2 protein chains.
Amino acid sequence: MNTQTNRSRAPATGDVTIGPRVGGRKMYQQGTLHPDLRVPFRQVDLHPTANEPPVTLYDPSGPYTDPQATIDIARGLPGIRGPWIDRRADAEAVPYPRAVRPEDNGGAAGALLAPAFDDSRRTVLRRRPGRLVTQLEYARAGIVTAEMEYVAIRENLRREQMDAAPRDGEDFGASIPDHVTPEFVRDEIARGRAVIPANINHPELEPMIIGRNFLVKINANIGNSAVLGHVADEVDKMVWATRWGADTVMDLSTGRNIHNIRDWIVRNSPVPIGTVPLYQALEKVGGVAEDLSWEVFRDTLIEQAEQGVDYFTIHAGVRLPFVPLTARRVTGIVSRGGSIMARWCLAHHRESFLYENFPEICEIMRAYDVTFSLGDGLRPGSIADANDAAQFAELRTLGELTRVAWDHGCQVMIEGPGHVPMHKIKANMDEQLRHCGEAPFYTLGPLTTDIAPGYDHITSAIGAAMIGWFGTAMLCYVTPKEHLGLPDRNDVKTGVITYKLAAHAADLAKGHPAARLHDDAMSRARFEFRWEDQFNLGLDPETARGFHDETLPKEAHKTAHFCSMCGPKFCSMKISHDIRDAALAQNRVEEGLSPAEIEAGLAEMGARFRDQGGVIDVAMDPAPV
Amino acid sequence: MNTQTNRSRAPATGDVTIGPRVGGRKMYQQGTLHPDLRVPFRQVDLHPTANEPPVTLYDPSGPYTDPQATIDIARGLPGIRGPWIDRRADAEAVPYPRAVRPEDNGGAAGALLAPAFDDSRRTVLRRRPGRLVTQLEYARAGIVTAEMEYVAIRENLRREQMDAAPRDGEDFGASIPDHVTPEFVRDEIARGRAVIPANINHPELEPMIIGRNFLVKINANIGNSAVLGHVADEVDKMVWATRWGADTVMDLSTGRNIHNIRDWIVRNSPVPIGTVPLYQALEKVGGVAEDLSWEVFRDTLIEQAEQGVDYFTIHAGVRLPFVPLTARRVTGIVSRGGSIMARWCLAHHRESFLYENFPEICEIMRAYDVTFSLGDGLRPGSIADANDAAQFAELRTLGELTRVAWDHGCQVMIEGPGHVPMHKIKANMDEQLRHCGEAPFYTLGPLTTDIAPGYDHITSAIGAAMIGWFGTAMLCYVTPKEHLGLPDRNDVKTGVITYKLAAHAADLAKGHPAARLHDDAMSRARFEFRWEDQFNLGLDPETARGFHDETLPKEAHKTAHFCSMCGPKFCSMKISHDIRDAALAQNRVEEGLSPAEIEAGLAEMGARFRDQGGVIDVAMDPAPV
């Protein structure tokens, strides 16, 4: 790869994947309280023989999958939130926005400097003195914002169009409503039990909500490192990740050029963007942790808040007294931010400047409505270190900081582990609920074993599905490259789809009323041999169709009443149809039939079967259809 | 593909993968009670800097991974169990073994007939009248067989060589010992709580044990269908599956030639082989379910028992009265065997011939020590049908049949679902324990959602890890092709490794003392940047190394103290080493330090850090090492 060429070229529209998802139609639902809302969905139309309404799916992919939309990476996405923010008149233009400085890009220059995004048309906003600005402040004031109505419509997946699914699940004390109203959203945000990460400087955002009483969300990490990564690649990964279902994206870049890379990502992102400001602050001091200071960090917060980053990971829970608690761990401190702050605390023998200046951090984040993601800098990095003293000491501190942030009107979520064996996962959720006042939990996996490098998307999907069921609101994906390298495009897709299925398994187990509709539609398609519907209702239609076609490529097979697993007629589902027809005809299908009823009924069923005389022929030749 | 050519060619040694596993050495441990036992293990030697003993791993791959072994597919594996069985003098040669008939291969002839395995040298055995023969009978008589000592040694993974790991887990009432003794094995088998599937006509077998108080095992399904499959491919899949860790293999072939295919597989298999005799019986009657009879089924049991099949799936729990309970299901009956029996029951309006002749089935299986795998023919095929009346009615019947089989001296395990959302998984384990007297549970997944065709190895690994933790003894793998097609070689590997990690996650959560040793060795290798050790300790060293080398290919990087994720020096683990050194130097690393102690201690630590003045430099250029 030629680093220089790549970095010196501006990302172009041709660098990203544009166009409709296979098997689905983009559609929008208008707002009621706010008529200018257009909430996106992906609608899957079923085969006419199904005689069922289309299935509506959640769609975080933004305008990129809308055939009507015009995409221009150089200009960025349209600022749909602009009018909503203007109407609130709660923000003012920053008279002198912070100007970009060489150190913002790590001193990269010339051919090594990534091109800047042209945002000359953009006005940088901040809270107008004395006004409400955060979603939490509005919620507390009893005001339903456009963002709140938007997510309410979004969470319902238009299921008023479909038959209600039975409420069936164990929600461990959550309060998931049958139908999400804007008022319910407002109340959950007011309680601090949900957040809408939405910086007023990110008008391109399609709002989404994170909270245990809503659909479980997933985050995809992107970002270059000192070793790898180019601007266009990162923008492409952001678009690609949302295409497959990422609800938020974190830019974890640590190389140079990260200011410019971030501009390209935020301006083109339909989902909330999260960052770890400490990474850039460390670059500004030449990578010397000891040289970090509150002033440099503060400057970085303002720089990124003005760019429009929607949530910041802040490792303010890594306190000086906790550092020695990690000394006997098998894998020490595995969080980058955590290890940097631990080193700073030790080097200066001082309490963390993040902890000491937390109130001022709150005031800065409030001014732009940047949401806190309180980082778990002391999370375990191995099964051996799970749930230890250092981890839980930090968690209690995060609970203390949550209350401070709430007092300042800031939205808050809490980051969680990491590496945790199955029997210790529930304790993580319980402790978080106990200490953090139900602020949304946002976990990385957790991985349930350490022995499968190359398969950690799976070792962690097990833990992610479980902790999502227990109440975690957002799951940070893990890709197959975890512990081995930076994810490429394929790894990003695999990670996103793996986490989408884990999040959905959690929604099902919690008894979310929208979840079962999707599974049941798929199951009916299976039972009725509607192969195209099975592909289209799946999380990855192309892959499913490809697998099917490896053995039965003919178009005719797409309507065949069999598959290559059991062959043309040796098919349990086909037999089941006969059984169902016969049994239903008897109207004696409930449990607890009297022996006499069964006798009588089955005698007739038997007779009908002998008349039908259906043959199950085990043919050997490739299926002739 | 040319079906005829493939079928008419005998499998050759060149068709299977032979040679040592990367990163491990084959080694054997001798028996004590039975000195002629040679129990195989895979030993992973660590880098000298680790200063740790080698890690011993479970190895079901048989002689194929032993560089000393000579493999000849045409002759089959050596009959290591022959002398043990001779010593017991409990079996006699069958005077007139059942001769192969055309219908055994579905009437295949000429170029379409798969070549027969030459077993002219083989003596077919059965129980000598009046003698004990099953492992259960010996266990009850207080006799420790060679098979029992073999599995006892195997389960301990030579961990007496290593430091004991802390007992840490939730086992839900299991009784996992610190160290497995032959007497413990005997007692578990006598209670019916564990089985050693080991037909006396399968001397090539390396014995393994299945029970909730032992390591969780996994099964891989192979087998051709009416549409696909060739003899050599199936033998290769069996060897390939065990190479990656399959503990047992089920041959689910449904096409013609299945007698001959089975011969090749059994004679060359180091692991127990399971089958569903009903499939072949159906072929013998031309695929017409209604034409099935007890006589045809009985003949098939004897045919396969004499071949050496180690366990039979018997769907005797699908009773006539239960069939109507499936009529309103979303996906009906999804078990092939279950649907065939349901159809037979309805067509004849009669109770199942499997249920009515169960005592005689027991006597046949006892005569060869074929283990029962009581099939769940009414398992749910969708989230909607999980835990319904039909499923649990059948489960109660399987409990009733378990007691009958035990009375006849037969070993028994119970098959379980299927498709189950997370919140309904535990009930499956609880009901099975309640009704089946702790006979080992053997489940297919379960899949925790239906919406991810192409990724069902993952949707099911979530459920498999959980139900394994709850007490399931063996997990039947699901491959990415589930619901879409027959697995190829890559799918088999992916399925096996996915289930190995799920089974291990379950062992960890149960607190199996052998499990943590593996994870901790991996974690220490991570913390010490021993990249080769990380690859070799993983379930798939080649894939892990390949992922790492995509970004850092140089040999030098294998010893580098960083990876491409965070770059050369921006590495939390590296910082952690400094922190650990500093903190440990203080000997004040326990929780609950007094503020004064912390003050004093950290002052010195801070000083040391400033002296070190280590720089964390975020370099941009590809890592120079």
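**Rings, a cysteine site and a helix**

In chain A, the residues A:Trp294, A:Phe297, A:Trp344 and A:Phe353 are joined into a cluster by ring pairs. Please keep in mind that this is a predicted model.

How many aromatic pairs are there over all chains? A search of the whole structure gives 26. Take B:Trp84 and B:Tyr150: the ring centres are 5.9 Å apart and the planes are at 50°, so this pair is tilted. To be called edge-to-face, the angle would have to be over 60 degrees. The two residues come from distant parts of the chain, 66 residues apart, with B:Trp84 in helix 2 (residues 82-88) of chain B and B:Tyr150 in helix 4 (residues 146-156) of chain B. B:Trp84 has a relative accessible area of 3%, so it is buried. B:Tyr150 is at 1% relative accessibility and counts as buried too.

Next, B:Trp240 and B:Trp244. This aromatic pair is edge-to-face, with 5.6 Å from centre to centre and 80° between the planes. Here both residues belong to helix 6 (residues 231-244) of chain B, and they are four residues apart, about one turn of the helix. B:Trp240 is buried at a relative accessible area of 10%, and B:Trp244 is buried at 5%.

What lies over the face of B:Trp244? That is B:Lys493, at 4.1 Å from the ring centre. In chain A, the charged end of A:Arg489 sits over the ring of A:Trp240, 3.8 Å from the ring centre.

Now the cysteines. An unreviewed UniProt entry places the feature "binding site" at A:Cys563, A:Cys566 and A:Cys571. Of these I looked at A:Cys571, which is in the loop between helix 19 (541-551) and helix 20 (572-586) of chain A. Is A:Cys571 buried or exposed? Its relative accessibility is 9%, and the limit for buried is under 20%, so A:Cys571 counts as buried.

Last, helix 16 (residues 489-510) of chain B. The helix has 22 residues and reaches 32 Å from its first C-alpha to its last, close to the 32 Å expected at 1.5 Å a residue. Helix 16 of chain B is mostly covered, with 19 of its 22 residues buried. After the helix comes B:Gly511, with a positive phi near 85°.

Technical notes: Residues are numbered from 1 along each chain as its sequence is written. Chains are lettered from A and ligands numbered from 1 in the order in which they are written. This is a predicted model: local features need pLDDT of at least 70, side-chain atom pairs count only at pLDDT 80 or more; totals for chains, interfaces and linings use all residues. Side-chain values use heavy atoms; hydrogens and water are left out. Rings of Phe, Tyr and Trp (its six-membered ring) pair if their centres lie within 6.5 Å; planes under 30 degrees apart count as stacked, over 60 as edge-to-face and the rest as tilted. Buried means under 20% relative accessible area, exposed over 50%, partly exposed in between (1.4 Å probe, protein chains only). A charge sits over a ring if NZ of Lys or CZ of Arg is within 6 Å of the ring centre and within 35 degrees of the ring normal. UniProt positions are given in the numbering used here, feature names are shortened, and annotations may be inferred rather than shown by experiment. The expected span of a helix is 1.5 Å times one less than its number of residues.
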